[in-house]
Amino acid sequence: MLKLLTRQTCPSCGGARVRQHPPWAQFWREWKARKGTHVELQDGSVERWFQSQGHDQLPPEEVLCEICEGVGEVDGTISVPDLARLLKAADNGFSGEGPGVPPR
Ligand SMILES: [Zn+2]
């Protein structure tokens, strides 16, 4: 079956090329859950929290997106029938997201 190559904005990072580092995401979740203060962000509490999680120093807040590997876009394929369905949906007002991230 004929397929066409596609390229779309990475659905994981939204094209930003980076994502929040998972330990930082956990830190911010916990900080919000216990209603942390802005003072805590400057009094060494952040460093102590990361040390308690096994980090000798603060990790970077962002890491390269693992889905697009820092490109901001993902490549895929779409079959002609699927493309026809997308175009028909566009005619009906669908704004148009692509077929999604191809399986790796
Ligand atoms: Zn990405």
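**Note on the predicted model**

1. Strands β1 and β4 pair in the antiparallel sense over seven bridges. Two strands count as paired if DSSP finds at least two bridges between them. Within this pairing, the bridge partner of Arg7 in β4 is Asp75. Helices (H or I, at least four residues) and strands (E, at least two) are DSSP runs, numbered from the N terminus.

2. Residues are numbered from 1 along each chain as its sequence is written.

3. The overall plan comes next. The protein has three helices and four strands, and along the sequence these follow the pattern β-β-α-α-β-β-α. Two residues are in contact if their C-beta atoms, placed from the backbone, lie within 7 Å. Of the contacts between residues at least 6 apart in sequence, 83% join residues at least 24 apart.

4. How much of the protein counts as buried? The figure is 7% of the 104 residues. A residue is buried if 20 or more other C-beta atoms lie within 10 Å of its own, exposed if 12 or fewer, and partly exposed in between, with C-beta atoms placed from the backbone. Strand β1 (residues 3-9) lies largely in the open, because the number buried among its seven residues is zero.

5. Which residues make up the largest nonpolar core? There are five: Cys10, Cys13, Cys65, Cys68 and Val74. A nonpolar core is a set of buried Ala, Val, Leu, Ile, Met, Phe, Trp, Tyr and Cys residues joined through C-beta atoms within 7 Å. As a general background, nonpolar side chains tend to be buried together in soluble globular proteins.

6. Val74 lies in strand β4 and counts as buried because 21 other C-beta atoms lie within 10 Å. Val74 and Cys10 are 64 residues apart in sequence, yet their C-alpha atoms are 5.4 Å apart in space. Cys68 touches Cys10, Ser12, Cys13, Arg17, Glu73 and Val74, when residues up to four places away in sequence are not counted.

7. Helix α1 (residues 22-33) has 12 residues and reaches 16 Å from its first C-alpha to its last, close to the 16 Å expected at 1.5 Å a residue. The expected span of a helix is 1.5 Å times one less than its number of residues. Helix α1 is hardly covered, with a count of one buried residue among its 12.

8. Helix α3 (residues 80-91) also has 12 residues, and its reach from first C-alpha to last is 16 Å, close to the 16 Å expected. This helix is hardly covered, the count of buried residues being zero. Gly93, which follows α3, has a positive phi near 100°.

9. Where is Lys35 found? Lys35 is in the loop between α1 and α2 (45-52). Its phi is positive, about 55°, although Lys35 is not a glycine. Lys35 is exposed, because 6 other C-beta atoms lie within 10 Å.

10. Glu69 likewise has a positive phi of about 55° although it is not a glycine. Glu69 is found in the loop between β3 (62-64) and β4 (73-79). Why does Glu69 count as exposed? The reason is that Glu69 has 11 C-beta neighbours inside 10 Å.

11. Val46 counts as partly exposed because it has 16 C-beta neighbours inside 10 Å. Val46 and Trp31 are 15 residues apart in sequence and 9.6 Å apart in space, C-alpha to C-alpha.

Terms used:
This is a predicted model: local features need pLDDT of at least 70, side-chain atom pairs count only at pLDDT 80 or more; totals for chains, interfaces and linings use all residues.
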